[in-house]
Amino acid sequence: MTETGDTPTGEETGSGDRAGGGGAARNDTVAAVVRQWQTVRPDLDTGPMEIIGRVNRCAALLQQAEDAPLRAVGLSRPEFDLLGALRRTGHELTPGELARETFSSGAAVTKRLKQLTERGLVERRGDARDRRVAHLRLTDAGRDVVDGVLPEQLAYESAVLSALDDGSQGELADLLGELLSRLEGHMRALRI
């Protein structure tokens, strides 16, 4: 597990040396952690920590901040992910298919579906051949919620990313896509 530290973002933490020896001088929270490790364990290569730590820190901050439009309509990110999966696939899904689509556990999907069904956003239909199987689809109200909040959510996410120019955003998307593709392939190989 990589540490990310609790130092306030942007705090000056050193003389401007480069964290991990690569790239420009950085003053983010991970750079501070890396510098601390380099002081006590200069024999270690902290390069992976600079990437994984930053990805984890960015994810944590985005999860805290990015969901304002969702909260405004009373949805959590995982609930919206379920609704979004039903909307974007355009057809009914079973709970197992929804779990795969949203990278969630079956138990978590079941709990969220119960809440979304009670709110009238999702409806269940039993399978004619196997009563143990449920087919799920958005209600008209569920479709309206997704279609209404998605443009606001995307605008909010664009604002969050506006610190990076379009070229940097594209480069970051490509690099993260390459990393994700390799990790997903590696994880599939481990399951076999």
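Modeller: This is a predicted model, where local features need pLDDT of at least 70, side-chain atom pairs count only at pLDDT 80 or more, and totals for chains, interfaces and linings use all residues. Residues are numbered from 1 along each chain as its sequence is written, and side-chain values use heavy atoms, with hydrogens and water left out.

Biologist: What do the buried residues of α6 pack against?

Modeller: Packing here is contact, meaning heavy atoms within 4.5 Å. Helices (H or I, at least four residues) and strands (E, at least two) are DSSP runs, numbered from the N terminus. The partners of the buried residues of α6 are α4, α5 (95–102), β1 (122–126) and β2 (134–138).

Biologist: Which residues of α6 are buried?

Modeller: Buried means under 20% relative accessible area, exposed over 50%, partly exposed in between (1.4 Å probe, protein chains only). The face turned away from the buried side carries the exposed A107, T110, K111, K114 and E118. The buried residues of α6 are A108, V109, L113 and L116.

Biologist: How are α4 and α6 oriented to each other?

Modeller: Axes are lines fitted to C-alpha atoms, for helices over the stretch in contact, and angles run from 0 to 180 degrees between N-to-C directions. The axes of α4 (residues 77–89) and α6 (residues 106–118) come within 10 Å and cross at roughly 80°. Angles of 65 to 115 degrees count as roughly perpendicular. Therefore α4 and α6 are roughly perpendicular.

Biologist: Which residues of α6 does α4 meet?

Modeller: From α4 come P78, E79, L82 and L83. In α6 they meet V109, R112, L113, Q115 and L116.

Terms used
Parallel < 35°, antiparallel > 145°, perpendicular 65-115°, else oblique.
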